[in-house]
Amino acid sequence: MKRYSDSPQILRDFLAYHETIKGQSQLTISEYYLDLRMFFRFMKLMRNDMPIHTRLEEIDIRDVDINFIATIKTSDIFDFLSYLSNDRTSNPDAAVPDYGISAASRARKLSALKSFYKYLTVRTKQLTENPVADLEYPKLRKSLPKYLTLEQSAALLQAAAGPNQKRDYAILTVFLNCGIRRSELVGLNLTDVYEDRLRIVGKGNKERFVYFGTPCRKAIDAYLIERNKKTLSDNRALFGSRDNNRISVTAVHRLVKKYLLLAGLDADSFSAHKLRHTAATMMLSGGVDVKTVQEVLGHENLNTTQIYTHIENTELKIAAEANPLSKLNFTDEE
């Protein structure tokens, strides 16, 4: 926990609990750290007599302890959420700062607070009162996921070129066929590739198997011929980088963006995560039931998967309009 040395001991203990006992990902741990650090800084700013222009980033929170936390009330949480909604800006030095963060970002921070107070009241019993227990999450505007059409997916695959063509084609094919996350693809090892499936380690270190078809098998086999000629710093890795390390999440992000541009697609609207949306949408449109898609994607809750059923709704509308009876124009006249 040296990387969190600017945090109080009580926060480091919470992060260690979620990392070692709950087995949550480093991304989740990092988000908890950033969100709770901001919260403690805000609380100290409100409680202490600091200069009016003091920035949150300048506030030392290493002295925050259970006694300080015990004084925080629900009204303080509301003040923090109001600050996020109206006054928080990611770039205060901009010519015209954009104040207020999205409902989704506020919901993430409230989720971190709920986890933290649950840890203090239920797991370690350091507190008896939970000021966030009954707080509702900000209402989120639900939007349908963006995805590539079959033609756009084909164009993206055809765009793969250059010295790493076989590797890049295999990565794009795995995304579009298996619908796995970027972090899951980066974590793939050679031993995770089976004859007709991949062993995936997902969120919370949960394992699942994702099956693939012949095109994906061929793409992986073609890449493995090159991969087996290389020695990487982590030689377990399935996908390597040009400097012979395990490929990074950032490199995969840039790789996908590059081929989206080469395919003539909007690289601002699409991303590696949108390829996951594409895979889910294609599965559902191909007749796969939503419960199976949930298992493939590794979603803990079925509600998360059901957003992809929008494609089925669209096809039902098309089917209704194709019905010959829909062309008849009935009137009240005899």
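Author: Let's start with a definition: buried means under 20% relative accessible area, exposed over 50%, and partly exposed in between (1.4 Å probe, protein chains only). This is a predicted model, where local features need pLDDT of at least 70, side-chain atom pairs count only at pLDDT 80 or more, and totals for chains, interfaces and linings use all residues. Residues are numbered from 1 along each chain as its sequence is written, and side-chain values use heavy atoms, with hydrogens and water left out.

Reader: OK, so is Arg-199 buried or partly exposed?

Author: Arg-199 is partly exposed, at 21% relative accessibility.

Reader: And which residue forms a salt bridge with Arg-199, the closest N and O atoms being 2.7 Å apart?

Author: General idea: a salt bridge is a side-chain nitrogen of Lys or Arg within 4 Å of a carboxyl oxygen of Asp or Glu. Here, that partner is Asp-192, which is buried at 4% relative accessibility. Arg-199 also meets Glu-207 in a salt bridge, 2.8 Å from N to O, and Glu-207 is exposed at 54%.

Reader: How many salt bridges does a search of the whole structure find?

Author: The search turns up 18. One of the pairs is Arg-246 with Asp-234, at 2.9 Å from N to O. Arg-246 and Asp-234 sit 12 residues apart, each in the loop between helix 9 (214–227) and helix 10 (249–262). Helices here are DSSP runs (H or I, at least four residues), numbered from the N terminus.

Reader: Which residues are linked in a network of salt bridges?

Author: That network joins Glu-31, Asp-35, Arg-108 and Lys-109.

Definitions and conventions:
Helix = DSSP H or I, 4+ residues; strand = E, 2+ residues; numbered from the N terminus.
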